[in-house]
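These are my notebook entries on one protein structure. I record what I looked up, in the order in which I looked it up.

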Amino acid sequence: MARWRPQPFYEGAIATGVDSTIVEHAVRTADRVTSVNPDLPPVFTLRHLAHISDVPYTLLRKYVAREIAEPYSTFKIHKRPLQGRVRYRRIAVPEPALLKVQRWITHRILAKVDVHLASRAFSKNDTIVRAVEDHCGCRWLIKIDIRNFFESINEVGVFRVFRGLGYQSLVAFELTRLCTRMGGHSYIRQRPRWNVQSRWSTIAHYQPWNPTGGPRMGHLPQGAPTSPMLANLAVIQIDEEVTAIAKTFGLIYTRYADDLMLSTSAKEFSRKQAQAAIGQITAALGKRGLGANSAKTSVSPPGSRKIALGLALEGPNPRLPRHFKAKLREHLYYLENPAIGPVGHARARGFASVIGLRHHLFGLASFAKQTERSYGESITQRLAAIDWPL
C-alpha cells in the first residue's frame, strides 16, 4: 500500500462535502503519525480502522469493550521439562475476525517499526543463527530467560507502543484492546501493576471492569500475530538498559524473544563480574514488571560447552551440537528398522500419535537446515522416505 498523502485526502474529503475544519483536524492527526514514520498508516477512529481492515465495526467495538467473553481458542502444548517438572505453554488463537484485524495491525503498522538492534527475533531476516552468531568463539557466555514473556506485558506497555507511534490516545487504547487478552487469574496478574487504579466515564462502554475478577488489565496473548512485534517494541527500554549494562562489563548483548544472551572473549572477565551483571540485568527487568527465570539462568566459563538456542558456539560459526545429530541418527535408526518402524518408535518414545512424532522430527530437520543446510536437507529426505502410516 502506498504512503498516506495529505493533499489527495484533503481534496477528496472536501469534494464529498466534509467540513474543512474537520478535514484539517484529520490531516494534523495523520501528520503526528507520519512524522514518527512516513510508512505508518493514519487511523482516525475505530470505524476508520474497521473500514481499512475490512472488519465489521460492531465486532471491533465489542472486542475493545471486552463484551465477547473469550474471543480466543486456547490450548496447552508441552514445554521441555525443567528440573523434573512438567511444563506447558498456553496458546491463544484469536477468532477469525479478530485475527484479521490483528494481521492488518501487524503488517501495516508493527512491521514498519524498527526494533532495538539487540533484538534478533520476529523481524524481517531474523533467524536463530543471526541471534547467536555474535557470540561465536566467546570465552564466557551468560544466558538469562524471561519468565512468561508475553503474558508479563500488560495493556500499559502496549498502549505506550501505539501512543509512541503518534496515534491519538483513544485510537491507541482501542488498538491496545484489540491486541490484548483478559486472561484468568494467575500469580503474575495478582500484582498491583495489573489493577486498573481508576475508572473513567467518558466512554462508559469501555470501562475496564472484568466481571469475573474486578478491574484488571489484559496481556499479550501468545498465539496472536501482533504479540511478537508488540513484545519487542514494548521492551525497547529494557534492551537499551541491558545494552548499557553489558557495555560496562565489556559484554556483547543480543535477545531472541525471551532469551537474553551476553558474552565476552576478554581474558580478565570473571565469574564475579558475571554474577554482578546478572544481578543488574535482573533488577532492570524487575523494574518493568518482567522476571528472570533463575532456573534457566546460566554462566558458561572458559573451557565449558557454549550452547545457545540449541546451537554450538565454540567455532567461528554456529553449528549443530553433536548430541543433536546423535539424537536424529537414533530416531532414523529405529524408524528405518522394519521390526520397529514409526508406530513402534512413537509408542516407545511416548508420543501420543505417529503424526506427533512425524511433526516433531520434520521440525528438527527444519531447524537443522537453518544452520547446516545440506545436512538438514539430507535428514528431510530420509524422513520423507519413511513409510509413515496414514
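**Entry 1: a threonine and its helix**

In which helix does Thr106 lie? I found Thr106 in helix α5, residues 96-108. The model is a predicted one, in which local features need pLDDT of at least 70, side-chain atom pairs count only at pLDDT 80 or more, and totals for chains, interfaces and linings use all residues. Residues are numbered from 1 along each chain as its sequence is written, and side-chain values use heavy atoms, with hydrogens and water left out.

Helices (H or I, at least four residues) and strands (E, at least two) are DSSP runs, numbered from the N terminus. The 13 residues of α5 should span 18 Å, and the end C-alpha atoms are 18 Å apart, so the two values agree.

Is Thr106 buried or exposed? I noted that Thr106 is buried because its relative accessible area is 10%. Buried means under 20% relative accessible area, exposed over 50%, and partly exposed in between (1.4 Å probe, protein chains only). The buried residues of α5 include Leu98, Val101, Trp104 and Thr106.

I next listed contacts, meaning heavy atoms within 4.5 Å. Not counting residues up to four places away in sequence, Thr106 touches Ala111, Pro225 and Thr226.

**Entry 2: the whole chain**

I recorded 15 helices and eleven strands in the protein chain. Of its 390 residues, 46% are buried. Among contacts with a separation of 6 or more, 69% come from residues 24 or more positions apart.

**Entry 3: aromatic rings**

How many aromatic pairs does a search of the whole structure find? The search gave seven. Rings of Phe, Tyr and Trp (its six-membered ring) pair if their centres lie within 6.5 Å; planes under 30 degrees apart count as stacked, over 60 as edge-to-face and the rest as tilted.

One of the pairs is Phe324 with Phe367, which is tilted, at 5.6 Å centre to centre and 55 degrees between the planes. This pair links distant parts of the chain, since Phe324 is in helix α12 (residues 322-336) and Phe367 in helix α14 (residues 354-371), 43 residues apart. I noted both Phe324 and Phe367 as buried.

Tyr333 and Tyr334 form an edge-to-face pair, with 5.1 Å between centres and 75 degrees between the planes. Tyr333 has 52% relative accessibility and therefore counts as exposed, whereas Tyr334, at 28%, is partly exposed.

**Entry 4: charges over rings**

A charge sits over a ring if NZ of Lys or CZ of Arg is within 6 Å of the ring centre and within 35 degrees of the ring normal. The charged end of Arg47 sits over the ring of Tyr57, 3.9 Å from its centre. Lys325 lies over the face of Tyr375, at 4.8 Å from the ring centre.

**Entry 5: an aspartate in a loop**

Where is Asp134 found? I located Asp134 in the loop between α6 (128-132) and β3 (140-147). Asp134 is partly exposed, because its relative accessible area is 34%.

Which residues does Asp134 contact, leaving aside its neighbours within four places in sequence? I listed Arg120, Ile252, Thr254 and Ser263. Asp134 and Ser263 are 129 residues apart along the chain, yet their C-alpha atoms are separated by 8.5 Å.

The side chains of Asp134 and Arg120 are joined by a polar contact of 2.9 Å. A polar contact is a pair of N or O atoms within 3.5 Å; within protein, one must be able to donate a hydrogen and the other to accept it, and residues adjacent in sequence count only if both atoms are side-chain atoms.

Methods
The expected span of a helix is 1.5 Å times one less than its number of residues.
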